[in-house]
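Dear colleague,

Please find the structure below, together with the sequence.

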Amino acid sequence: MRFSLSLAYLFTYNLLQFCGHTWIFANMTARFLSFGEDAQAGTFYFVGVMMGVCQLLSLLELFHIADGFEESRLFPRFMQVMERNVLLFLLISLEEFQSKPIVCVQFYLWNILGLLRYPHELFCLTGTPYFKMLWVHQTLSVPVYFLSAVTEGISIVHMLPYWSESEETDSVPLKVPASYIYSPYMLMGWLLLLVLGSGLTVLLLLKERKEILSRWNKKKD
């Protein structure tokens, strides 16, 4: 009974994430096809809430791994989840940043990662893993994650002038409730952690890919 309940829970979780990311991706693509580059400015306004829900839910994945519900490396997933949540709620949610084109690019990359992961997870939970989907997930997730980390770094660099100005003038150009959180030093510190953490994450993901594909090939033999 416990196994059945955990299986139903994990299936529901992955299905909700898949539906959420599909809705965001379809909404963004439809707006881009309809309005072209003008659609970039309104990306956060139209899909920001759903993106926030999906990223908050992704925190549960850390407990899935820690509790043994999911077999995966904790550190890479921790880095991916925390990178997105910190960037989304402490940076992209700022009114001064929401209309930047980099937000649209960032959301697309996050959604591609979701659309690579959650269908694969659903197939694994139903007991019918598909090798081509496994290969695509394990192979494409690494470069897409790397590009996502690069755009996250670019986003942080874009905001450095705002926070540097805030410190020099002793004013707060950004409308935030706790301005002391938003300092250029903290921002540069987060950028350094992002570079180190994402570099290690890429190495671990490549190692995980090799191990998973090797196990699959042994099963086939």
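Helices in these notes are DSSP runs of H or I with at least four residues, numbered from the N terminus. Please bear in mind that this is a predicted model.

Helix α4 covers residues 74-92, 19 residues in total. From its first C-alpha to its last, α4 reaches 25 Å, close to the expected 27 Å. Its buried residues are P76, R77, M79, Q80, V81, E83, R84, N85, L87, L88, L91 and I92.

Helix α5 covers residues 101-125 and has 25 residues. Its reach, taken between the first and last C-alpha, is 37 Å, close to the 36 Å expected. Of the 25 residues in α5, 18 are buried, so this helix is largely enclosed by the rest of the structure. After α5 comes G127, which has a positive phi near 80°.

The two helices pack at an angle of about 150°, and their axes are 13 Å apart. Because angles over 145 degrees count as roughly antiparallel, α4 and α5 are placed in that class. Their crossing is left-handed. On the α4 side, the contact is made by R77, Q80, R84, L87, L88 and I92; on the α5 side, it is made by V103, Q106, F107, W110, L113 and R117. Sorted by class, this contact has seven nonpolar, two polar and three charged residues.

Buried means under 20% relative accessible area, and S155 counts as buried because its relative accessibility is 1%. Setting aside residues up to four places away in sequence, S155 touches L87, L91, F97, I102 and Q106. Among these, L87 and Q106 also take part in the contact between α4 and α5, and L91 is one of the buried residues of α4.

The other note concerns V142, which is also placed in α6. V142 has a relative accessible area of 10% and is therefore buried. V142 and L113 are 29 residues apart in sequence, and their C-alpha atoms are 9.2 Å apart in space. L113 is one of the α5 residues that make the contact with α4.

With kind regards

How values were computed
Residues are numbered from 1 along each chain as its sequence is written. This is a predicted model: local features need pLDDT of at least 70, side-chain atom pairs count only at pLDDT 80 or more; totals for chains, interfaces and linings use all residues. Side-chain values use heavy atoms; hydrogens and water are left out. The expected span of a helix is 1.5 Å times one less than its number of residues. Buried means under 20% relative accessible area, exposed over 50%, partly exposed in between (1.4 Å probe, protein chains only). Axes are lines fitted to C-alpha atoms, for helices over the stretch in contact, and angles run from 0 to 180 degrees between N-to-C directions. Angles under 35 degrees count as roughly parallel, over 145 as roughly antiparallel, 65 to 115 as roughly perpendicular and the rest as oblique. A crossing is left-handed if the near helix is turned anticlockwise from the far one by less than a right angle, and right-handed if clockwise. Contact means heavy atoms within 4.5 Å. Ala, Val, Leu, Ile, Met, Phe, Trp, Tyr, Cys and Pro count as nonpolar, Asp, Glu, Lys and Arg as charged, and the others, Gly among them, as polar.
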